[in-house]
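Thanks for coming, everyone. Please take a look at the structure on the screen, and then we'll walk through it.

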Amino acid sequence: MTELAKYVDKDCIKFECSFGSWEDVLMYAGKLLENKGYINHNYTKDMVELVRKCGPYIVVMPEIALGHARPNGNVSQNAIAIVRINDGVSFGHPTNDPVKLLFAIAAVDDSKHLELFQAIADYLMIDDNLTRIMNCQTSEELMKEITNE
């Protein structure tokens, strides 16, 4: 099992989604985490506000964004949602847009925040893992990919 698999629930994985804006993507990913009780709605709003305030720095590589916010008591459990976006969405990043894959990260504190980022980075650094994610058709298929690594 990969480190990434420890934080992802199959109910927090959605594929083939279309969105009108980056705000919509972050709100959707936040709602996935909210529905499982991992975060409250304030955390979702904070993810959006962070991009409004700081710009598209969450777009960390071509087609990939890592949505997150400060916990501020709004996270009850460490978790990651994964949303694959059909046609991509622009966050306003000069070189890495459009975003086609969003990882929404919810961590209970700063040290866990870094652990979740590291789990995603470690997974994506392995050749072909990003391709595997982009080719999965169901949340069950993706869970199998990230747990059998």
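Where do arginine 52 and glutamate 49 lie? Both are in helix α2, three residues apart, about one turn of the helix. Helices here are DSSP runs of H or I with at least four residues, strands are runs of E with at least two, and both are numbered from the N terminus. An α-helix has 3.6 residues a turn, so residues three or four places apart point the same way.

Some ground rules. This is a predicted model: local features need pLDDT of at least 70, side-chain atom pairs count only at pLDDT 80 or more, and totals for chains, interfaces and linings use all residues. Residues are numbered from 1 along each chain as its sequence is written, and side-chain values use heavy atoms, leaving out hydrogens and water.

Back to that pair. The side chains of arginine 52 and glutamate 49 form a salt bridge, at 3.8 Å from N to O. A salt bridge here is a side-chain nitrogen of Lys or Arg within 4 Å of a carboxyl oxygen of Asp or Glu. Arginine 52 is exposed, at 52% relative accessible area. Glutamate 49 is partly exposed, at 41%. The cut-offs: buried is under 20% relative accessible area, exposed is over 50%, and partly exposed is in between, with a 1.4 Å probe and protein chains only.

How many salt bridges are there by this rule? The count is nine. Let's look at lysine 36. Its side chain meets that of aspartate 9 in a salt bridge of 3.6 Å, N to O. Lysine 36 sits in the loop between α1 and α2, and aspartate 9 in strand β1, so this pair ties together parts that are 27 residues apart in sequence. Lysine 36 also bridges to aspartate 11, with the closest N and O atoms 3.1 Å apart. Aspartate 11 is in strand β1 too, 25 residues from lysine 36. Lysine 36 is partly exposed, at 33%, and aspartate 11 is partly exposed, at 36%.

Now the inside. Nonpolar side chains tend to be buried together in soluble globular proteins. A nonpolar core here is a set of buried Ala, Val, Leu, Ile, Met, Phe, Trp, Tyr and Cys residues joined through side-chain atoms within 4.5 Å. The largest one has 30 residues, and Leu26, Leu33 and Phe91 have the most contacts inside it. The elements giving two or more residues to this core are β1 (8-17), α1 (22-35), α2 (41-54), β4 (79-89) and β5 (99-106). Helix α1 gives the largest share, six residues. Apart from this core lies another, of 24 residues, including Ile13, Leu101, Phe103 and Phe117.

Next, arginine 84. Is arginine 84 buried or exposed? It is buried, at 4% relative accessibility. Arginine 84 lies in strand β4. Its side chain reaches the backbone oxygen of isoleucine 133 at 2.9 Å. Leaving aside neighbours within four places in sequence, arginine 84 has contacts that include Lys14, Glu16, Leu101 and Asn135. Contact means heavy atoms within 4.5 Å.

Last stop: helix α5, residues 139-147. Ser139, Leu142, Met143 and Ile146 are buried there. Seen down the helix axis, the buried residues fall within an arc of 100°, so they line one face of α5. That arc is taken from the directions from the helix axis to the C-beta atoms. What covers these residues includes β1, β4, α3 (110-125) and α4 (129-135).

Conventions. A polar contact is a pair of N or O atoms within 3.5 Å; within protein, one must be able to donate a hydrogen and the other to accept it, and residues adjacent in sequence count only if both atoms are side-chain atoms.
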